Amino acid sequence: MKGHQKHKKIPRAQFGTFSRSEISFLGAPCGEIEALCQKLAVQSGLNTLYIDAKHGDTLPRPDMHVLEYQQDHWRLTLNDPNDDPYAWRRLTDEYDLSLINGNHFEADKQIICLHPKKYDSLKRKAEKLTRPVAMVDFTGEGVIPAELQAFLSKWEGLPIFGAEDIEALSDFVK
């Protein structure tokens with residue numbers, strides 16, 4: 001005889017590193033990742049959070065994390081994302097989408113940025129590429145550059161978006 005059960009088992013929500021729906025961008029200079037994410041946040045119409053590491057002296061105290069509003073989206077600046085992963089989930093739970101600077105933090109899904117200034121850095125961060133879903137081309141050529149072809153060969157079927165094609169990238173991210 002089966003044991004008594006009051007209700008059906010409810011599946012648990014799946015979380016990434018910071019939130020339920022997160023995508024990191026890695027392989028481009030941090031300022032260009034931030035600019036791309038700002039455009040995506042506005043274009044998507046989603047309640048979007050941008051997560052990045054401290055750059056320069058932008059924080060009032062070294063032990064504080066900053067959640068600030070920037071042009072139609074929130075920005076969370078982190079000092080140490082490893083201190084309490086549940087705290088990050090509580091902070092990020094109300095957002096539809098978290099866009100993350102993958103040069104500094106890992107996320108459930110990644111978008112690989114093809115930027116000439118960061119080819120070497122991208123190769124060094126290969127372990128962060130656990131679940132890439134697309135590529136963004138900052139060169140304007142629309143193809144994987146020759147010097148990255150061997151490195152990115154197992155992901156050659158991923159869609160490649162131009163860095164200026166915000167509408168198509170936004171539709172993909174949604």
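Biologist: Which residue stands opposite L26 in β6?

Modeller: In this predicted model, the residue of β6 opposite L26 is I112. Strand β6 covers residues 109-114, and β1 pairs with β6 in the parallel sense over 4 bridges.

Biologist: How many bridges join β1 to β5, and do the strands run parallel or antiparallel?

Modeller: There are 4 bridges between β1 and β5, residues 97-101, and the two strands run parallel.

Biologist: Now to charges. How many salt bridges does a search of the whole structure find?

Modeller: The search returns 2 salt bridges. The criterion is a side-chain nitrogen of Lys or Arg within 4 Å of a carboxyl oxygen of Asp or Glu. One of the salt bridges joins R131 and D108, with the closest N and O atoms 2.8 Å apart. R131 sits in the loop between α3 (119-124) and β7 (132-137), and D108 in the loop between β5 and β6, so this pair ties together parts that are 23 residues apart in sequence.

Biologist: What does E164 form a salt bridge with?

Modeller: The partner of E164 is K39, and their closest N and O atoms are 3.8 Å apart. E164 belongs to the loop between β8 (160-162) and α4 (166-173), whereas K39 belongs to helix α1 (residues 30-44), so the contact ties together parts that are 125 residues apart in sequence. E164 is exposed, with a relative accessible area of 66%. K39 counts as partly exposed at 39%.

Biologist: Where is D137 found, and how far away is its nearest side chain of opposite charge?

Modeller: D137 is in strand β7. The nearest side chain of opposite charge is that of K117, 14 Å away. D137 is buried yet has no salt bridge.

Biologist: Which backbone nitrogen lies 2.9 Å from a polar atom of the D137 side chain?

Modeller: That of E141.

Biologist: Which residues does D137 touch, not counting those up to four places away in sequence?

Modeller: With that exclusion, D137 touches L114, G142, V143, I160, F161, G162 and A163.

Biologist: F161 is on that list. How is a pair of aromatic rings described?

Modeller: Such a pair is described by the distance of the centres and the angle of the planes. In this structure, a search of the whole model finds 1 aromatic pair. The rings belong to F161 and F172, at 5.3 Å centre to centre with 50° between the planes, and the pair is tilted.

Technical notes. Residues are numbered from 1 along each chain as its sequence is written. This is a predicted model: local features need pLDDT of at least 70, side-chain atom pairs count only at pLDDT 80 or more; totals for chains, interfaces and linings use all residues. Side-chain values use heavy atoms; hydrogens and water are left out. Two strands pair if DSSP finds at least two bridges between them. Buried means under 20% relative accessible area, exposed over 50%, partly exposed in between (1.4 Å probe, protein chains only). Lys and Arg count as positive and Asp and Glu as negative; His and the chain ends are not counted. A polar contact is a pair of N or O atoms within 3.5 Å; within protein, one must be able to donate a hydrogen and the other to accept it, and residues adjacent in sequence count only if both atoms are side-chain atoms. Contact means heavy atoms within 4.5 Å. Rings of Phe, Tyr and Trp (its six-membered ring) pair if their centres lie within 6.5 Å; planes under 30 degrees apart count as stacked, over 60 as edge-to-face and the rest as tilted.
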